[in-house]
Every structure is written in C-alpha cells, then in structure tokens.
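Me: I would like to learn how to read the features of a model, one at a time. Can we go through this one together?

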Amino acid sequence: MAEQLAVDVEAVEGAADELVAVGLVAPSQVNEGEWRVVHPSTALGSFLSDAEDAAAQALLRVSCLRTDITSLARTFISKEIRPATTEDCTFEVLPDRDSVLRQMELTAERTTERLWAFLTQRPTLAALNSSHVADQGMLARGVKLRTLCLDGFLRDPRLVRAMRSRSADGAEVRTTPSLPARMVIMDDHAFVARDPANLKAGAVMTRSAGLVATLVDYFEHRWSRASPLPTTALKSHSMGGVAGPISETELTLLRMLADGHKDERISRTVNLSVRTIRRIIADLSSQVDAQSRFQLAILARDRGWI
C-alpha cells in the first residue's frame with residue numbers, strides 16, 4: 001500500500017492505526033492479516049452517541065444554572081426588601097445612599113403610574129445623564145414624572161438645559177424657594193431623606209397606604225404653589241463674574257441681609273424656615289465666592305442687585 005500511494009510505510013501504519021481507532025477498518029474475519037472496511041454509520045455511531053450525550057449533559061447543566069440564578073435573584077430581592085411592620089405602618093430604614101439607590105432601582109422597575117420627587121441638592125452631570133435614560137424608559141411606559149426643585153437651580157445653565165430637556169421629553173418640572181427634604185414617591189412607595197442636609201445618611205421607605213397618601217397630598221399642595229420652569233432665560237444679574245437668574249425670594253433675602261436683619265426676621269418675612277434661609281445664603285455665597293454674609297451683601301449692593 002505504501003508503494004501504491006508512494007508514501008512512507010510509517011505514514012501508512014499511522015493512518016491505519018487511526019482508522020482502527022475510530023472503527024472505520026477492522027481485522028478481516030476471513031483472510032488473516034487483512035483488513036475490512038466498516039460502514040461509517042456503524043463506525044461513527046458511537047461518536048455521534050457520545051456527542052449527543054455530552055450535549056444533553058451540557059443542556060442539563062444550563063438548566064440547573066438557570067434555576068440557581070433564578071433562586072439567587074429571588075433571595076437577593078427578598079433580602080433587599082425586608083420591611084419592619086407594625087399594625088398600621090410598613091417601613092424600612094435604608095442606612096446609606098447605596099441602599100437607597102438600590103431600593104429605588106428595584107421599585108422603579110415596577111412603577112407604572114407616577115414618580116414624583118423633591119430635588120433639594122444639585123445633581124452631578126453623571127447623575128443627570130443616568131436619570132435621563134431611566135426617565136425616557138418610564139415615560140415610554142406611561143409613568144407620570146414630576147420634579148420639584150429649588151429656585152436656586154435656575155442659576156446653573158447646565159441644570160436648566162437638563163430640566164428643559166426633561167420637559168421636552170414629557171416630564172414636568174417646577175421650582176420653589178424651599179423644600180423640607182429630599183423625597184421620592186413611586187406609586188405606593190415613598191422615600192424620605194433621614195437627614196435633609198446629608199443624603200448620605202440614607203432614607204426611610206414606606207409602603208403604608210395612609211402615609212403615602214398623605215405625602216402625595218403634600219406634594220400636590222407644594223406643586224400647586226410652585227413656579228413652572230421658565231421657557232426663556234430670566235432676567236440675569238451679574239455678581240463676581242457669575243451670571244444667572246435670581247428669584248424674588250432671594251432678592252428679598254439679600255436686601256434684608258444688607259439691611260442687617262437677622263435670619264429669624266428674614267424667615268418670617270419670606271415665610272421660610274431659618275434653616276432654609278441659611279441654606280440659601282450659603283448657596284449664594286458659594287456661587288459668588290463670598291467669604292462671609294457681610295461680603296455677600298456688599299457684593300450684591302455693589303453690583304446693583306439690591
């Protein structure tokens with residue numbers, strides 16, 4: 001055979017060994033020392049059977065893995081949502097910002113009617129971009145979005161553009177001089193910041209029908225008194241190289257600050273809490289790099305704000 005094929009004897013012997021190994025040839029039962037050809041379906045049937053067995057085992061492993069993942073996901077959700085229940089109140093304390101965001105993400109997936117929020121601190125650009133994608137998905141499935149934020153946000157062109165973009169997509173945005181705390185209402189869930197001045201302190205989540213209804217009513221009350229988002233730029237005042245619209249409440253506060261009034265008197269005049277007055281003063285000072293309340297008043301007067 002080596003001579004007929006013009007190859008080395010070793011090559012022929014190696015090929016013969018491989019054919020025997022796979023069962024395509026077998027020793028002749030008639031002529032000793034000779035070989036007979038085996039039909040491929042017979043010879044390779046065992047290989048096909050082995051391959052089918054391996055495939056069946058792989059499918060079984062995939063099925064088991066899918067079952068394990070489903071079980072793990074259910075366990076994860078059950079651990080994430082572990083409310084403390086009393087006779088008339090179901091709530092959960094979320095101890096930090098990560099746990100709040102995680103719980104909100106889970107709740108948002110099931111939200112079908114409304115997502116209403118008090119926004120008390122300026123969001124980062126990354127947060128704006130992330131929320132924009134999520135908002136579009138919720139709007140597409142008919143969720144009503146309302147955001148009530150502080151008047152001071154209107155001095156940030158980036159935020160104004162983001163809020164107008166949300167409005168163009170179908171969300172509603174209004175502004176107000178003050179808000180008590182960060183709050184988010186998603187259908188029958190409500191999240192309220194534990195510390196209004198520190199969102200890292202987490203939030204309290206409630207699913208109590210009575211509490212949620214009360215918070216919804218309060219939101220609607222504040223919403224009805226808030227100002228619609230301006231469609232054009234408001235009158236701008238320039239101070240310390242920073243330009244932006246200033247609300248009437250802030251102008252009143254600056255005038256009274258320049259006249260030497262105390263926070264308590266300003267609070268009664270503009271109908272805001274002393275804590276809110278101090279937060280607005282700190283925010284204005286940060287905007288114009290004023291190192292003190294006195295310097296803030298001087299800058300406002302020198303630039304013709306008041």
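Predicted model: local features only at pLDDT ≥ 70, side-chain atom pairs only at ≥ 80, totals over all residues.

Me: How many residues does helix H5 have, and what does it reach from its first C-alpha to its last?

Reply: Compare the span with the one expected at 1.5 Å a residue. H5 covers residues 97–110, which is 14 residues. It reaches 20 Å, close to the expected 20 Å.

Me: Which residues of H5 are buried?

Reply: Buried means under 20% relative accessible area. In H5 the buried residues are Ser99, Val100, Gln103, Met104, Leu106, Thr107 and Ala108.

Me: Now to charges. How many salt bridges does the count come to?

Reply: The general idea is that side chains of opposite charge can pair when their charged atoms come close. A cut-off is needed here: nitrogen and carboxyl oxygen within 4 Å. By this rule there are eight salt bridges.

Me: Which residue forms a salt bridge with aspartate 283?

Reply: Arginine 122 does, with the closest N and O atoms 2.8 Å apart. Then check where the two partners sit. Aspartate 283 is in helix H11, residues 274–288. Arginine 122 is in the loop between strand E5 (114–119) and helix H6 (125–140). The pair links distant parts of the chain, 161 residues apart.

Me: Is arginine 122 buried, partly exposed or exposed, and why?

Reply: Arginine 122 is partly exposed, because its relative accessible area is 28%.

Me: Which residue meets the side chain of aspartate 263 in a salt bridge?

Reply: Arginine 278, at 2.9 Å from N to O. Aspartate 263 lies in helix H10 (residues 263–270) and arginine 278 in helix H11, so the bridge ties together parts 15 residues apart in sequence. Now read the accessibility of each partner. Aspartate 263 is buried, with a relative accessible area of 7%. Arginine 278 is partly exposed, at 44%.

Me: What does glutamate 264 form with arginine 278?

Reply: A salt bridge, with the closest N and O atoms 3.7 Å apart. Glutamate 264 is in helix H10 and arginine 278 in helix H11, so this pair ties together parts 14 residues apart in sequence. Glutamate 264 counts as partly exposed because its relative accessibility is 39%.

Me: Which residues do salt bridges with shared partners join into one network?

Reply: Asp263, Glu264, Arg278 and Arg293.

Me: Let us take a residue in a strand. Where is arginine 146, and is it buried or exposed?

Reply: Arginine 146 is in strand E6, residues 144–150. It counts as buried, because its relative accessibility is 13%.

Me: Which residues does arginine 146 touch?

Reply: Leave out residues up to four places away in sequence. Arginine 146 then touches Leu115, Trp116, Ala117, Glu172, Phe219 and Trp223. Take glutamate 172 as one case. Its side chain makes a polar contact with the side chain of arginine 146, at 3.3 Å.

Note on methods: Residues numbered from 1 in each chain as written. Heavy atoms only, no water. Helix = DSSP H or I, 4+ residues; strand = E, 2+ residues; numbered from the N terminus. Buried < 20%, exposed > 50% of the residue type's maximum accessible area, 1.4 Å probe, protein only. Expected span 1.5 Å × (residues − 1). Contact = heavy atoms within 4.5 Å. Polar contact = N/O pair within 3.5 Å; in protein donor to acceptor, adjacent residues only side chain to side chain.
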